[in-house]
Amino acid sequence: MSRTVKVSVAWICGGILGIVAGLSGAGGASADTAGGPVQVGDAQYFSLGGWNCSIAADGAVGCDLMVPAAVMNVLYLGAQVPLPNVPAIVIDSTAAPAHPEWNSNGSHTLPGGNPALAPIAQVSGHDPQFSVSFAGATCQITYSGAAVCTSMGHGFSQRGPEPFGY
C-alpha cells in the first residue's frame, strides 16, 4: 500500500473516530500531571498539539493555531472551499461547518498558554492518544496523530499543513 493511501486511510479513520466519539460522548480526559483541561468561567481550556483550544458551555469549540495556516479547506454544500490566512478555527453553529475565525485575537488561549491534556491509556492501537469532552463537544489527538474536534454536527481536523472543516 502506498504512503499516500496509508495517510489517507489514517486520516479518514481518525475523522470517523472523532465523529463517533463526539456523537457518543466517549473519551474524557482527566487533569493530572499534564494539567488540562482547565475550567475558567463556563469554558474549558486545553492545548491540542499545536493548538490552544476552548470549549464553551454551549458546545462552541474553537482553537487558536500557534502558526496560522496559509489555507483551510471547508466543506460547504458538497464542495471544498479554500479560505486563506487562518489564525483560528471555530464551530459555533449547527447551521454552518467549522470555519476560520479571523477575529479570534487569541480568545481560545489563556495567558501563558493552555495546559496539555493527559495521555489516555490506549486499549487498542486505534484509541485516541488524548481526548476531552465537554458540553457535547469532543477534541482529541487520534491514534495517528491527527487533531480532531467535533460539535454541533460539524468538525475540523488537521493532517499535514492544512486544516479541514466540515
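Helices (H or I, at least four residues) and strands (E, at least two) are DSSP runs, numbered from the N terminus. This is a predicted model, in which local features need pLDDT of at least 70 and side-chain atom pairs count only at pLDDT 80 or more, while totals for chains, interfaces and linings use all residues. Residues are numbered from 1 along each chain as its sequence is written, and side-chain values use heavy atoms, with hydrogens and water left out.

**The overall layout**

- The protein has one helix and 13 strands.
- Following the sequence, the elements come in the pattern α-β-β-β-β-β-β-β-β-β-β-β-β-β.
- Of the 166 residues in the protein, 43% are buried (buried means under 20% relative accessible area, exposed over 50%, partly exposed in between, with a 1.4 Å probe and protein chains only).
- Taking contacts (heavy atoms within 4.5 Å) between residues at least 6 apart in sequence, 52% join residues at least 24 apart.
- The protein exposes about 8,000 Å², and carbon and sulfur atoms supply 62% of that area; accessible areas come from the Shrake-Rupley method with a 1.4 Å probe, and for residues only the protein chains shown count as cover.

**The nonpolar core**

- A nonpolar core is a set of buried Ala, Val, Leu, Ile, Met, Phe, Trp, Tyr and Cys residues joined through side-chain atoms within 4.5 Å.
- The largest such core has 24 residues, and L48, W51 and F156 have the most contacts inside it.
- At least two residues of this core come from each of β3 (43-48), β4, β5, β6, β9 (130-134), β10 and β11.
- Strand β5 gives the most to this core, with six residues.

**Aromatic pairs**

- The structure holds two aromatic pairs (rings of Phe, Tyr and Trp, the last by its six-membered ring, pair if their centres lie within 6.5 Å; planes under 30 degrees apart count as stacked, over 60 as edge-to-face and the rest as tilted).
- In one of them, the ring centres of W51 and F156 are 5.6 Å apart and the planes stand at 50°, so the pair is tilted.
- This pair links distant parts of the chain, with W51 in strand β4 and F156 in strand β12 (residues 154-159), 105 residues apart.
- Both W51 and F156 are buried.

**Disulfides**

- How many disulfides does the rule give? The count comes to two, where a disulfide is a pair of cysteine sulfur atoms within 2.5 Å.
- C53 is joined to C63, with an S to S distance of 2.1 Å.
- C53 lies in strand β4 (residues 51-56) and C63 in strand β5 (residues 61-76), so this pair ties together parts that are ten residues apart in sequence.
- The link of C53 and C63 is right-handed, with 110° about the S-S bond.
- C53 counts as buried because its relative accessibility is 0%, and C63 is likewise buried at 0%.
- C139 is joined to C149, again with an S to S distance of 2.1 Å.
- C139 lies in strand β10 (residues 137-141) and C149 in strand β11 (residues 147-151), so the pair ties together parts that are ten residues apart in sequence.
- The link of C139 and C149 is right-handed, with 120° about the S-S bond.
- C139 is buried, with a relative accessible area of 0%, and C149 is buried at 0% relative accessibility.
- With the bonded cysteines numbered in sequence order, the pairing reads 1-2, 3-4.

**A look at S93**

- Where is S93 placed? S93 sits in the loop between β6 (79-91) and β7 (99-100).
- S93 counts as partly exposed because its relative accessibility is 22%.
- Leaving aside neighbours within four places in sequence, S93 is in contact with M152 and H154.
- A polar atom of the S93 side chain lies 2.9 Å from the backbone nitrogen of A95.
- The C-alpha atoms of S93 and G59 are separated by 9.2 Å, and the two residues are 34 residues apart along the chain.

**Backbone details**

- A cis peptide bond joins G36 and P37, with omega about 0°.
- P37 lies in the loop between β1 (35-36) and β2 (38-40).
- N85, although not a glycine, has a positive phi of about 50°.
- N85 is found in strand β6 and counts as exposed at 51% relative accessibility.
- A135 is not a glycine either, yet has a positive phi of about 55°.
- A135 is found in the loop between β9 and β10 and is partly exposed, with a relative accessible area of 36%.

Note on methods: A polar contact is a pair of N or O atoms within 3.5 Å; within protein, one must be able to donate a hydrogen and the other to accept it, and residues adjacent in sequence count only if both atoms are side-chain atoms.
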